[in-house]
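Look over the sequence and the model first.

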Number of protein chains: 2
Amino acid sequence: MADKTRDSTLPAEPKEPVEYSEVPEQSAEEYIETLVKRARQASGQLATLSTSVKNRALSAMADALEERSEPILAANEQDLDAFGAAPERKAMADRLRLSPSRISEMADGIREVAKLADPLGETPKMWIRPNGMQVGRVRVPIGVIGIIYESRPNVTADSAALCLKSGNACVLRGGSEAIHSNRAIAAALSEAAEKSGIPSGAIGFITRADREAVPIFLKQDRYVDLIIPRGGESLMRTVAEHSTIPVLKHDAGVCHIYVDDDADAAMADRIALNAKVQRPSTCNAMETLLVHHGIARTWLAGFVEKLSAAKVEVRGCPKTCQLSSLAKPAADDDYGKEFLDLTLAVKVVKNIDEALEHIARYGSHHTEAIVTGNYQKAMRFLREVDASAVLVNASTRLNDGYQFGLGAEIGISTSRIHARGPMGLQELTCSKFVVLGSGQIRE
Amino acid sequence: MADKTRDSTLPAEPKEPVEYSEVPEQSAEEYIETLVKRARQASGQLATLSTSVKNRALSAMADALEERSEPILAANEQDLDAFGAAPERKAMADRLRLSPSRISEMADGIREVAKLADPLGETPKMWIRPNGMQVGRVRVPIGVIGIIYESRPNVTADSAALCLKSGNACVLRGGSEAIHSNRAIAAALSEAAEKSGIPSGAIGFITRADREAVPIFLKQDRYVDLIIPRGGESLMRTVAEHSTIPVLKHDAGVCHIYVDDDADAAMADRIALNAKVQRPSTCNAMETLLVHHGIARTWLAGFVEKLSAAKVEVRGCPKTCQLSSLAKPAADDDYGKEFLDLTLAVKVVKNIDEALEHIARYGSHHTEAIVTGNYQKAMRFLREVDASAVLVNASTRLNDGYQFGLGAEIGISTSRIHARGPMGLQELTCSKFVVLGSGQIRE
């Protein structure tokens, strides 16, 4: 029997095209099914579109965002009004807020994706087997990718652009707090794409706000090949609980920096400060600093002063508090906590073994760094630490698709299969084997 | 909060070590949890074991199978007795049956794995970023792999060997019909491995036959990183329904060969016959033959004769039946059916477009082949067909890890993420980014 998980035999066009607006007469099931079927249908054509068609469409999508910045900003105002101005929600409101310059940044982001090399069709190598057949792997799209995310509306534009460039159809579901902004952005993008020859349905957006939409979406394994959730714990739980589709998680980061006794003190200052304060709300910001006792005596008090000057609250082990009166005592559960703000747990350790044990126990396998001038300890740290990125003498904040040179990223995967760490265009593809034969059979 | 999906902080040793035998006083939950925790614990040490230690262990495991062939064969007799001798189950009983030579084959299979290059530590390239930091990806183990399979006891030996070589702990669950054979094999393997310095728990085997063991196993996402199911539809359904762990499916194959009007007739004979009869019970055997009407007139009747001579039952479209009286009329659902025996559906098509449409509609994205001497049609077939392997002028039976030169395979993945097609040692690994810095920070 045919594999029912991918069905490419769909009616040419649904009778009532979904116009990226609420279609209240449809049930949530019908609505989601229409979207994902259209995406599946589009994906077959997307897979073999030429790079120039895709790039022209990306360029038109970027222009459309700028041309339609007024209605997009108006929609964003609606979201902001609904979100409210409670002081405790200020950080989230900031992430939600669009401006003409933020819209231009989104458009430029899409233009950057257009400039990236097309990952499809690449065949890193072919080899000849003893029977004379030539075998290779060709890079092809995954198919239909579902992306579920929260808050920042720029994810809508980034995701649509990266999926299109890699030949995938996408079905996007943003947070309900950004529903109007996302809908306006998605409408601009998908209309511009269609006008440029991209099959309709290639950029799908779930506009229904009903809570059941997500669980229904997560069961569409016949039409959707991959789910990428980007967000907090409750989203991750929903996805884990309901998805029958493969998932690549973009999960929490509890990142450590271990400052070794062989570290250059000035370099340790620069790296650890950057990792904590440059943008503390991100998953690759440092949450715990581990300091070798040999350097703690001379370095730690001064560094805690620098942290305090940068408004960082330091929660230290007894030794840390002894060395610096600016540190408050850490609670047990401050280790392994993802603060995502200007709070830092600090612990003095007796050697690299204790640092490695601490990281194995409390780390989230996201990003871990060592500062040291000692070759053996650097190599050991690289080898033994199990994380999506392990850095020597560099800030954890550098674990990022742009910084690593992947061109762009759809996020940082904390999964251990398919893609681990920053996911660029390549990670949005899979491969198929091709065989160039001359009559070979299985003996 | 730390990522709870991987917990490496386990007690050193469970109080009552599981001796790969029934421990009836434990609940299924306790039993499974002990196994997967021990596997997780072992995986941390396995990741950094040297290649020579792993190879010595593999060699000892191979020897142990041969040394213990008597108890293994006795256990196999128990399974065969329980399985019974009903004629309709003969094929399955054949797959279940072990013999001294089959045990030697298993042992040799393990020795072959020992000879393969260690995939770990490989860093295909490193690159320098504008800020001077050097970035690369290093191949590392996935962690703990669960493999659920049916019938053939050799899968136990293959899986354990491939997981060990790739630095992964494994937890195996064979079919209940092979429980005694698998238990004897697993005991021989894990004891030999432990004596050779492999951490205990690295090769886990679920001996409990209770039905709830599998659903409980599939929920251990905190300790198990990947599930590979190998088997029929009902196993796939159970896994899809219950697993909270990422899954790489090894699913049905509905494979086609399209014989083009520009095909060499003798080559078409050889390839299509091989794809059907060389081993019809496999997922990469041909299930449907598509024939261009231009060659059908001269070639098809003779080929149907050859098929009949090889005891193949041919179920043809009206045109096929018109050309050959040996063909029976095909039912609608014969297209897209995985016969897994000496039955073949045949359809005459008017051109390559119709062949491509048929494959898109009825294929399972597993293995598809064209026989043609025409360059343009070969290239188009390679480009447009969406399958784990697409072959020109070669038998579908060649879609296989050994045949492709991957060294060994754990199966043929029909998933679209992580690994598609034959999975060798490389596909049992993931990567981590490493950064060699000199003080870089995020600007």
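Domain 1 of chain A and domain 2 of chain A bury about 530 Å² between them, 48% of it on carbon and sulfur atoms. Buried area here is the accessible area (1.4 Å probe) that two parts lose on being put together, summed over both. On the domain 1 side of chain A, D251(A), R420(A) and P422(A) lose the most area to domain 2, together 73% of what that side buries.

This is a predicted model, in which local features need pLDDT of at least 70, side-chain atom pairs count only at pLDDT 80 or more, and totals for chains, interfaces and linings use all residues. Residues are numbered from 1 along each chain as its sequence is written, chains are lettered from A and ligands numbered from 1 in the order in which they are written, and side-chain values use heavy atoms, with hydrogens and water left out.

The interface holds 1 salt bridge (a side-chain nitrogen of Lys or Arg within 4 Å of a carboxyl oxygen of Asp or Glu). R420(A) pairs with D386(A) in a salt bridge, with the closest N and O atoms 2.8 Å apart.

Now the copies. Chain B superposes on chain A by a rotation of 180 degrees with 0.0 Å of shift along its axis (RMSD 0.0 Å). The two copies are thus related as by a two-fold rotation axis. Of the residues of chain B, H418(B) comes closest to the rotation axis, at 1.8 Å (C-alpha).

Conventions
Least-squares fit on C-alpha atoms with pLDDT ≥ 70 in both.
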